[in-house]
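User: I would like to go through some of the labels attached to this model and see what each one rests on. Please set the values against the definitions.

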Amino acid sequence: MDFAIASDVEHRRRAFRDFLECEIRPIGDRRDAGGPLERHELDDLVARLQPSGIMHASLPHDVGGTNRSFLERILLAEEFARVWPSLAVTIDSHNIVVEIIARQGAPWMKDRYVEAGITGRAIMGDMMSEPQAGSDTRNLATRAVAAGDHYVVDGTKMWTTNGVWADVALLSAVANDDDYRRDPRRGVIHLLVDKAVSPWKVRDLPIIGLKAGTTGYIEFENCRVPRQHLFHADDTGYTQNLVVRGWARILLGAWAIGIMQAAIDDAVQFARERHTFGKPIAAHQMIQDMVARMHVDLETSRLLTYKAAWLMDQGVRCDLEQATAKLHACEVVKRVTDDAIQILGGRGLTTDEGYRTERLHRDARFLAVAEGTSQIMKLIIGRRLLGVSAL
Ligand SMILES: Cc1cc2nc3c(=O)[nH]c(=O)nc-3n(C[C@H](O)[C@H](O)[C@H](O)COP(=O)(O)OP(=O)(O)OC[C@H]3O[C@@H](n4cnc5c(N)ncnc54)[C@H](O)[C@@H]3O)c2cc1C
């Protein structure tokens, strides 16, 4: 088994880390607590990110991308989340949709939206979840009714990452009720909705962390979407969704790894500097116990997530490995960031002394909920191992 990361990949990862530390971290540390970025602030950050290559990494060569491997993209996502989780989630979530358009969109969609996505002129979202359909994706209520040269969309989408900024989004909607009632894997279409053409209402749903980002509550009311915006027809919508979800799951694993690494870096440095009872707290055995456990949580998450990414690069089915990596990394990140707070004592809890530990803890919490909760990951793993679906 070869655990080495190719030297060119390692080189690009280090360059990205240096870039982020120098160009992005100071802004994140200063700005995150201030709430959702203004659009001009996001535009400025996307412009700053351009030379780093992150906006092109997932895109195929034919649209000017660098088509990096899944493993490399996991390493980059880890570095990004280590520096500023809110921005990593914003940009990586946006990039996933740009990538889907670049790989699967009609030629006119690529022309209109890929370059706009790379430059941030159009911010992207993925609108699947609804108030009554989070885990239960068989319970979509949003309907897209065909009417001449357009669809009429009615329904509510919830939890859309980048929701308030989104100019363009991939919307899941039921287009064929009879098929959907018979089999929820059928009857769902994806529309590439453009707010300038098909306006919707949106408000922000503030959450416990990711303060610089936005999570949208979105309402479509009698919204006309031209038929040419059909992205996946009702026989492929569901399956295409599964492929994207698998990738997104290990991306969340990578964000968890980045957050754990940041929490451990800060806790270790603090433990060396802080003295109690005449010695650095690093020399107390109970501190070492916590640091050792944090390290094991981080390294096991890395192994599982890198393995799933590597399998994806081999083109091998790996839904079991994706769910295993997602479940593990997104659960242990909770206790790693919690232990980091414990090591910093009061300084781990306050926003006043210049430490980011409380922010990392808050930012990590959504990971075990989004993109399939930990309970749903267990059911996916159980189904594969036992051959029986509990869903
Ligand atoms: C920050 C954030 C960003 C998100 N971004 C997006 C996005 O960009 N696009 C998008 O479409 N969605 C997004 N989501 C939605 C996310 O995927 C859902 O929140 C998630 O699927 C869970 O759905 P829910 O919140 O409705 O919880 P529910 O599905 O109502 O679950 C509530 C609880 O019940 C448990 N549960 C449910 N069913 C079962 C079962 N069968 N067995 C055991 N336990 C069960 C769950 O695990 C959970 O603990 C985001 C969510 C968050 C928090």
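User: In which helix does Leu379 lie?

Analyst: Leu379 lies in helix α11, residues 374–386. The model is a predicted one, in which local features need pLDDT of at least 70 and side-chain atom pairs count only at pLDDT 80 or more, while totals for chains, interfaces and linings use all residues. Residue numbers start from 1 along each chain as its sequence is written. Helices are DSSP runs of H or I with at least four residues, strands are runs of E with at least two, and both are numbered from the N terminus.

User: Why does Leu379 count as partly exposed?

Analyst: A residue is buried if 20 or more other C-beta atoms lie within 10 Å of its own, exposed if 12 or fewer, and partly exposed in between, with C-beta atoms placed from the backbone. Leu379 has 17 C-beta neighbours inside 10 Å, so it counts as partly exposed.

User: Which residues does Leu379 touch, not counting those up to four places away in sequence?

Analyst: They are Ala390 and Leu391. Contact here is defined by C-beta atoms, placed from the backbone, that lie within 7 Å. Leu360 is 19 residues from Leu379 in sequence, and their C-alpha atoms are 28 Å apart.

User: What makes helix α10 largely enclosed by the rest of the structure?

Analyst: Helix α10 covers residues 357–364, and six of its eight residues are buried, so it is described as largely enclosed. The buried ones are Thr357, Arg359, Leu360, His361, Asp363 and Ala364. These buried residues pack against α4, α7 (237–273) and α9 (319–344).

User: Why is α3 called oblique to α4?

Analyst: Helix α3 (residues 70–83) and helix α4 (residues 85–104) pack at an angle of about 140°, with their axes 6 Å apart. That angle makes α3 oblique to α4, because angles under 35 degrees count as roughly parallel, over 145 as roughly antiparallel, 65 to 115 as roughly perpendicular and the rest as oblique. The axes are lines fitted to C-alpha atoms over the stretch in contact, and the angles run from 0 to 180 degrees between N-to-C directions.

User: Which residues make the contact between α3 and α4, and how do they divide by class?

Analyst: On α3 they are Ala77, Phe80 and Ala81, and on α4 they are Pro85, Ala88 and Asp92. By class, the contact has five nonpolar, no polar and one charged residues. Ala, Val, Leu, Ile, Met, Phe, Trp, Tyr, Cys and Pro count as nonpolar, Asp, Glu, Lys and Arg as charged, and the others, Gly among them, as polar.

User: What makes β4 largely enclosed by the rest of the structure?

Analyst: Seven of the seven residues of β4 are buried, so the strand is described as largely enclosed. Both faces are covered, with Val168, Leu170, Ser172 and Val174 on one side and Ala169, Leu171 and Ala173 on the other.

User: How do you know that β4 pairs with β1 and with β5?

Analyst: Two strands pair if DSSP finds at least two bridges between them. Four bridges join β1 to β4 (residues 168–174), and these strands run parallel. Met124 has Val168 as its bridge partner in β4, and Met127 has Leu171. With strand β5 (residues 188–194), β4 pairs in the antiparallel sense over seven bridges; Leu170 stands opposite Leu192 there.

User: Which residues of β1 point one way, and which the other?

Analyst: In β1 (residues 124–127), Met124 and Asp126 point one way and Gly125 and Met127 the other way, and all are buried.

User: Why is Val225 called buried?

Analyst: Val225 has 21 other C-beta atoms within 10 Å, so it is buried. The residue is found in strand β7 (residues 215–226). Leaving aside neighbours within four places in sequence, its contacts are His150, Tyr151, Val153, Leu191, Val193 and Ser198. Val197 is 28 residues away along the chain, yet the two C-alpha atoms are separated by 7.4 Å.

User: Trp159 and Phe277 both have a positive phi. Is each of them buried or exposed?

Analyst: Trp159, in strand β3 (residues 150–161), counts as buried because it has 21 C-beta neighbours inside 10 Å. Phe277, in the loop between β9 (275–276) and β10 (279–280), has 7 other C-beta atoms within 10 Å and is therefore exposed. Phi is near 75° for Trp159 and near 50° for Phe277.

How values were computed:
Two residues are in contact if their C-beta atoms, placed from the backbone, lie within 7 Å.
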